[in-house]
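Subject: Structure for you to look at

Hello,

Here is the structure I said I would pass on. Please open it first, then read my notes below.

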Amino acid sequence: MLGYVLRRFAIACLLMLFVSFVAYILLFAAGDPAVTIAGAEAKSDDIARVRELYGFDRPILIQYIDWLWGVLGGDLGTSLYFKRPVAGLLLERFAITAKLGALALTLALLVAIPLGVIAGRKPNTLIDRFALLLAVVGQAMPSFWFALLLMILFSVTFPILPASGLTSWRSYIMPVIVLGYFSTPAIMRLTRSGMISALEADYIRTARAMGLPERKVLFDYALRNAALPIVSLASAEFGFMLAGSIIVENVFAIHGAGSLAWESIARADLPTVQALVLCFSLFYVVFTMLADILNALLDPRMRAR
Amino acid sequence: MTDLVNSVNPGSDTSPLEGRPARWRSNGSLLLGLSILAIVVAMAIFAPLLAPYDPYAQSLPNRFTPPVWLPGGGWDHILGTDQLGRDYLSRIIYGSRISLSIGIGTALVSGLIGSTLGICAGYFGGRIDSVIMFVVTARLALPVVLVALAIVAIFGSSFTVVLLTLGGLLWERFALVTRAATIQLRGADFVTAAEIQGATVPQVMLHQLIPNLANAIVVVATLEMAQAMILEAALSFLGLGVPAPMPSWGLMIAEGKAQILFEPWLITIPGAFLFALVLATNLLGDGLRDVLAPESRN
Amino acid sequence: MLLNVKGLSINLATQRGTLSAVQDVSFHVDKGETLCIVGESGCGKSITALSLLRLLPASARLTAETISFNDLDLLTLPEADIRPLRGNRLSMIFQDPMSALNPLHTVGRQLTDVLLAHQHVTRAKAAERACELLLKVGIPNPEERLQQYPHELSGGLRQRIVIAMALMCEPELIIADEPTTALDVTIQADLLRLLKELQQALGMGMIFITHDLGLVSRIADRIVVMYAGEVVEAGPASAIFEHPAHPYTRALLGAVPDPSHPRMEPLESIPGTVPSLLSRDKTCHFRGRCPMAQDICNNRISLQTVGADHQARCIRVGAEDSQ
């Protein structure tokens, strides 16, 4: 078990290293960073001075290692726009986005899992068709349009919810719904197919033949077995959801990490963009790692390894 | 005896319009998806014939004309006009070209990249497989929208840039599916036979593997096409996709956003078309999967 | 009679139409008696057994004249009343021990769950009983075993645990569907002996389903031979082994290698294959493979009396044949 955890952790570190390299290369793909910082109209002397100041005249690899070193120490650079350390900025913004994400994931799980269990228990019935329809619609619905539709409905036609900002608990409702709907289809489908497979398993037949009550068979036996892949998917979906917050925060004018991402790209605030790519990826890598470890803990067959 | 009993039971994941694995004609989602898609494709191809106006022609005195079913609307602008007086119906019709071409183009590019990676990973196994899977996981970790926005911001907002960016980012499902299928086929007799006969690796891949993978690839292609269409719309919505004044449906929604209070149709109409197209493509993909490759269901 | 089944038929509704899996099957089991249902794969023996516990898939339609268990009518009893019987008064064990147990729960948990489903005892008491049973099925160190997971145990051990599970509530009837087929021959003998001992100790009726006539000869009191969804011969074990009446039974017996009588001729096998579910019509299903088939075999044959309590579905019963 410990071996597995260590290995998983090592893979996570390697992944972050790889992603961080990709994020860093972005800086150079944008063209000469010195020019970006100094401004398009700067004189060549100024540009040279900027280059020296920021150390852009050193080999790329050295710059990367330097930057990485800083990142590991908590220094994510300084925002070109806000003129303050990126780390602090990110902490503030991610607090908001993570909160939204957590609420959205909870909503998604609360809707998707029961629906998936019921649909899996009784495939091809009306409720199953309904659940699948919900999933198909959810997967086809562009989140920004869904957000705007909700806004038209609940802020314009029936003005009961605020359209922007995070002023009261009411302002959380629409963004959480939109963000949650993002992940509901996939989780529902996986729960459903997991339940169907689990219920076809021999040990379920044994449990039923032994006269165990159906509720016990469904939850303690079938769902418990189907849950393992659901945990993995939910963690990946959380990562995707956070990344998808760019759109939702834009529409609802919420000042989280997602809107910061878009603004920073528009403002060519490269250090912030780099740090954001890094952080979003970090969430995904960490959460999927935790999910894998949780699975290993829950599955006695894995613990032996 | 269990086999008998199991062969008669319904399978795993299916689409809502489908009860059991069925043939072409009775597969509801396949037919529905195909018909809607066919209509949109026809709309795109015959755009110059169907559109009543030039989608770029502005007419400021006519701005914000409502669609025909609202008060103030008329039959000369069935879907109304936008903030620059451009006929919405014409823009919608031409917009279908953008969505479809991005969708198909992205599916082709990402399909090429992803399938190549997946087949190599599945065929060679070992180190190569580990490396490719590592790259796939890294790709999954990256926030796609953010990276796509950054790339478009860097290289400029244009149709080609969007296409290549999305194509270069949306290949992971191709890789995973082709890898899994290749691993299964790897041990098949006909592959071994070809190898024994001295076929080179590319030959084996081309003549033995790919024809058998084609079904799975087609299914993934439709689903990725739908994904690409949504993403292009999202990028254009955020202002870093296809550039104005091109009638991308996502861009139209963005432009309409400011008028949400009084002219909500500017938002609902392009979104409805996008939703219908993506839904149709997804239904087609699900239907194709039921018919062509039922074993690749979850 | 402990269990009395008359006229049991099972039809399966599929895309390709309604298939007849089992037709007009009748048998009975008494207290303390072992009934063996014999037949090759696909003859319907397993689905018949499942139907007794009403564990058929949704697409199956069960009809029968009677299915009575003591004085309970299993055919019409609502689901809520059948469940308390399963694993309690009527138990079943299945073929594949490797997949019969839930991989995520300990053995102890699965054993106690069965007892707790039917009796109001504490989990501690249930665990005690589980230990008792593990000892009875020949597993030493039961307290340790309770904490183990199925994947940590061998196939033979797992099957013993499955047997223990089935016996937790001391059922009156146990149905064993090929419990030893997936196991080593050496373990088979052990398990067979165990089942027989337990049956005698608990006074249970047992229905033992198998395709292996060698096993049948060792444990059967009565035998029912099934072919293509029908009973083709039924009677006391001694009668069937000494005077097999149906050509299929005879062929089966002839096909069993007998180490005590080395033969010079090639091993006999029955030519042809079982008719598929789709092509079962109103004739003798065996006629395509029968050495004695005649024109009259193109009709539905009913069970003919061969001797006391011995019947066979063949109109040539008693006729001399080339064997």
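A polar contact here is a pair of N or O atoms within 3.5 Å; within protein, one of them must be able to donate a hydrogen and the other to accept it. Neighbours in sequence count only if both atoms are side-chain atoms. By that rule, four residue pairs are in polar contact between chain A and chain B, both residues being at pLDDT 80 or more. As the pLDDT values tell you, this is a predicted model.

Chain A has 13 helices and zero strands. Its C-alpha atoms fill a box of roughly 85 × 60 × 30 Å along the principal axes.

On the A side, 48 residues are in contact with 49 residues of chain B. The two chains bury about 4,400 Å² between them, and carbon and sulfur atoms give 77% of that area. Which residues of chain A lose the most area to chain B? They are F144(A), W145(A) and I265(A). Together they account for 14% of what the A side buries.

The rule finds one salt bridge across this interface. R189(A) forms a salt bridge with D286(B), and the closest N and O atoms are 3.2 Å apart.

Several helices of chain A each supply at least two residues to the side that touches chain B. Among them are helix 6 (126-140), helix 7 (143-157), helix 10 (214-251) and helix 12 (270-298). Helix 1 of chain A gives the most, with eight residues. By class, the A side that touches chain B has 38 nonpolar, five polar and five charged residues.

**A helix pair inside chain A**

Look also at helix 8 and helix 9 (residues 202-209) of chain A. Their axes come within 5 Å and cross at roughly 65°. From helix 8 of chain A, the residues in contact are A198(A), L199(A) and E200(A). They meet D202(A), Y203(A), I204(A) and R208(A) in helix 9 of chain A. The contact of these two helices has four nonpolar, no polar and three charged residues.

**Chain C against chain A**

Here 28 residues of chain C are in contact with 22 residues of chain A. The buried area is about 2,100 Å², with 62% of it on carbon and sulfur atoms.

How many salt bridges does the rule find across the interface of chain C and chain A? It finds two. In a salt bridge between R109(C) and D220(A), the N to O distance is 3.0 Å. Eleven residue pairs are in polar contact between chain C and chain A, both at pLDDT 80 or more.

Helix 3 (97-100), helix 4 (107-118) and helix 7 (155-167) of chain C each give two or more residues to the side that touches chain A. Helix 4 of chain C gives the most, with six residues. The C side that touches chain A divides into 15 nonpolar, seven polar and six charged residues.

**The eight-stranded sheet of chain C**

Eight strands of chain C form an open sheet with mixed pairing, in the order 7-8-9-3-10-11-13-12. Strand 7 (90-93) and strand 12 (304-307) of chain C stand at the edges. Each has a single partner strand, so one side of each is left without a neighbour in the sheet. The twist averages 20° from one strand to the next.

Helix 8 (residues 185-202) of chain C lies across strand 3, strand 7 and strand 9, at about 160° to strand 9.

**Strands 1, 5 and 6 of chain C**

Strand 1 (residues 3-14) and strand 5 (residues 66-69) of chain C run antiparallel and share four bridges. K6(C) has T66(C) as its bridge partner. Strand 5 of chain C also pairs with strand 6 (residues 72-73) of chain C, again antiparallel, over two bridges. F69(C) is partnered with L72(C). Strand 5 and strand 6 of chain C form a hairpin with two residues between them. In its turn, N70(C) has a positive phi of about 50°.

Best wishes

How values were computed. Residues numbered from 1 in each chain as written. Chains lettered and ligands numbered in written order. Predicted model: local features only at pLDDT ≥ 70, side-chain atom pairs only at ≥ 80, totals over all residues. Heavy atoms only, no water. Pairing = 2+ DSSP bridges. Axes fitted to C-alpha atoms, helices over the stretch in contact; angles between N-to-C directions. Contact = heavy atoms within 4.5 Å. Buried area = accessible area lost by both parts, 1.4 Å probe. Salt bridge = Lys/Arg side-chain N within 4 Å of Asp/Glu carboxyl O. Nonpolar A, V, L, I, M, F, W, Y, C, P; charged D, E, K, R; others polar.
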